[in-house]
Amino acid sequence: MRLNELLQFNDIVIQCHDNPDADALSSGFALHWYLTKMGKSPRFIYRGQNKINKSNLLIMLDRLEIPVTYEPDFDEVPELLVTVDCQYGQSNVTRTEAQNIATIDHHQVTVELPELSEVRSNIGSCATVMWDMIRMERVSVDESPALSTAMYYGLYTDTNKMSEISHPLDRDMRDSLNFIRSVITEMSTSNISLNELKITGKAILDYQYFINHKYLMIQADQCDPIILAVISDFSMETTDVNVCLSYFVTPEEIRFSIRSCVKEVHANELARFISDGIGGGGGHITKAGGAIRPEKLMQLPDYENASVEDAINAEFQKRIDKYFNSFEIMYAKETILDTSDMKKYEKLPQLLGYVKLTDIFPENTMVEIRTMEGDVNIRIDDEKYLMIGIEGEVYPIKKEKLDNSYRLVDIPYMGEFEYEPRIKDSVTGEEKGVIAFARSIIGTGKTRIYSKPLDTYIKLFTEWDEDKYYSGVPGDYIAVREDDPHDIYIINGRLFDQLYKEVEE
């Protein structure tokens, strides 16, 4: 859905979920601002039994002049109702009748969506979805410092102080917004009430510790999600605790926060693992989090007569133990694979892209490469290039390996992906897209590998990165270059047949 599709309506009401948080308020504020700028006169409301009373949100409403009103008894039937940061029909938003419905959200889809909808469940905040949709209309939210500040705070609170950002679009918004720092400071230092301080202490006292894998599980009473980050961060100071999961349960959702201090456990991967099929999660290698839908949890076997609290406690334990027990850890630098049961393959003549980094920024420039897989920081030199894979994934490659494995072809590079990789000068902040500098290459057929399908989970620390592992799951392939026994890597099983063909000996 494009925002300009909403301009066909005149009587427009924007509604966020009951008991709105900062992300809901900032998202509704953004839509209200855009529609007003386009000549409409929208109204922004929230309903439910409780009026906003949290200190940080009251500061937000006052300092940023957010035009939202509390309308518990709203009984009008507008021409268009737009729900933001929630989905029409969910239990966390009071039903409002309307002639037409639209939805803008970033949570997991749990109801039938209207035709006018934009739900991106892999994005960290609804504010980010709104920021990108407004940007697509060639309008900048930085025209309003108050709006930019609200959107920054929406992302800040919904990703536990930016610690659970996983999508590059969230990072793009975070880096681009021209926000009022003093207001952010005032709001972010007013998050914890005396009651929430009590919640924090009570939760920590009731921890569960699992010595076999050295992890903590801590259930808190319902609170601001930022409190979960406080609990997890504090608990990670404890000796013999490598991983901490804190969470709370409400009828609408189960929010959780994860911390890891060992390189063998990526917090963002664990968050995705424990929420798979029942919610969503993501974040950084050391800090992550997410949300689980209670109705999906209770559809799992064994929980027919259980309470949600008992079910999630049992399911968390089951999934965390499965996570730890499923993975084999491999260090490529110390490993020589037995290739006797592996087949030999060579790369298919797949049209790919490459970029010479010195074509973008001068030699010795420290840059940050932003991709769907995360941010990569390297210093540019004349030997470093970037490969662009068939799905837009990028990875550094040395000139020698590039020359040995690929040849330049005189075809314009035309890659189009969900997110275009970008490069930013770490000192000046100057940012450039990668695709504009890319040239086309094709495999020479000289690169040969030994490979076989994985029948187990694996965490591979590659030869070129000893601190970050790459995960392989059954159905993926493990591979090693014929000419370098330590150049071991994982190939996505879905892409393998597009990239390689078996060599007939």
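Guide: What follows sets values from this model against the definitions behind the labels. This is a predicted model, in which local features need pLDDT of at least 70 and side-chain atom pairs count only at pLDDT 80 or more, while totals for chains, interfaces and linings use all residues. Residues are numbered from 1 along each chain as its sequence is written, and side-chain values use heavy atoms, with hydrogens and water left out.

Visitor: What makes the rings of Tyr247 and Phe316 a pair, and of which kind?
Guide: Rings of Phe, Tyr and Trp (its six-membered ring) pair if their centres lie within 6.5 Å; planes under 30 degrees apart count as stacked, over 60 as edge-to-face and the rest as tilted. The centres of Tyr247 and Phe316 are 5.1 Å apart and the planes are at 65°, so this pair is edge-to-face. Tyr247 is in strand β9 (residues 243-249) and Phe316 in helix α11 (residues 308-326), 69 residues apart, and the pair links distant parts of the chain. Helices (H or I, at least four residues) and strands (E, at least two) are DSSP runs, numbered from the N terminus.

Visitor: Why is the pair of Phe496 and Tyr500 given its label?
Guide: Their ring centres are 5.4 Å apart and their planes at 25°, so the pair is stacked. Both Phe496 and Tyr500 are buried. By the ring rule the count comes to 18 aromatic pairs. One aromatic cluster is formed by Phe210, Tyr215, Phe273, Tyr323, Phe324, Phe327 and Tyr457.

Visitor: What makes a set of residues a nonpolar core?
Guide: The set must consist of buried Ala, Val, Leu, Ile, Met, Phe, Trp, Tyr and Cys residues joined through side-chain atoms within 4.5 Å. The largest such core has 61 residues, and Leu6, Leu31, Met60, Ile66, Ile104 and Met151 touch the most other members. Helix α1 (residues 22-37) gives the largest share of this core, 9 residues. A second, separate core of 29 residues includes Val243, Phe273, Ala311 and Ile320.

Visitor: Which residues is Leu31 in contact with?
Guide: Contact means heavy atoms within 4.5 Å. Leaving aside neighbours within four places in sequence, Leu31 is in contact with Leu3, Leu6, Ile14, Val82, Val84, Ile104 and Met130.

Visitor: How do you know whether Leu197 is buried or exposed?
Guide: Leu197 has 52% relative accessibility, so Leu197 counts as exposed. Leu197 lies in helix α7 (residues 194-205).

Visitor: What makes Glu315 and Arg319 a salt bridge?
Guide: A salt bridge is a side-chain nitrogen of Lys or Arg within 4 Å of a carboxyl oxygen of Asp or Glu. For Glu315 and Arg319 the distance is 2.8 Å, N to O, and their side chains meet in a salt bridge. Both lie in helix α11, 4 residues apart, about one turn of the helix. Glu315 has a relative accessible area of 6% and is therefore buried; Arg319, at 13%, counts as buried.

Visitor: Which parts does the salt bridge of Asp382 and Lys356 tie together?
Guide: The closest N and O atoms of Asp382 and Lys356 are 3.6 Å apart. Asp382 lies in the loop between β17 (374-379) and β18 (384-388) and Lys356 in strand β15 (residues 351-356), so the pair ties together parts that are 26 residues apart in sequence. Asp382 has 35% relative accessibility and so counts as partly exposed. Lys356, at 24%, counts as partly exposed.

Visitor: How many salt bridges does the rule give?
Guide: The count comes to 35 salt bridges. Lys401, Arg481, Asp483, Asp484 and Asp487 are linked in a network of them.

Notes:
Buried means under 20% relative accessible area, exposed over 50%, partly exposed in between (1.4 Å probe, protein chains only).
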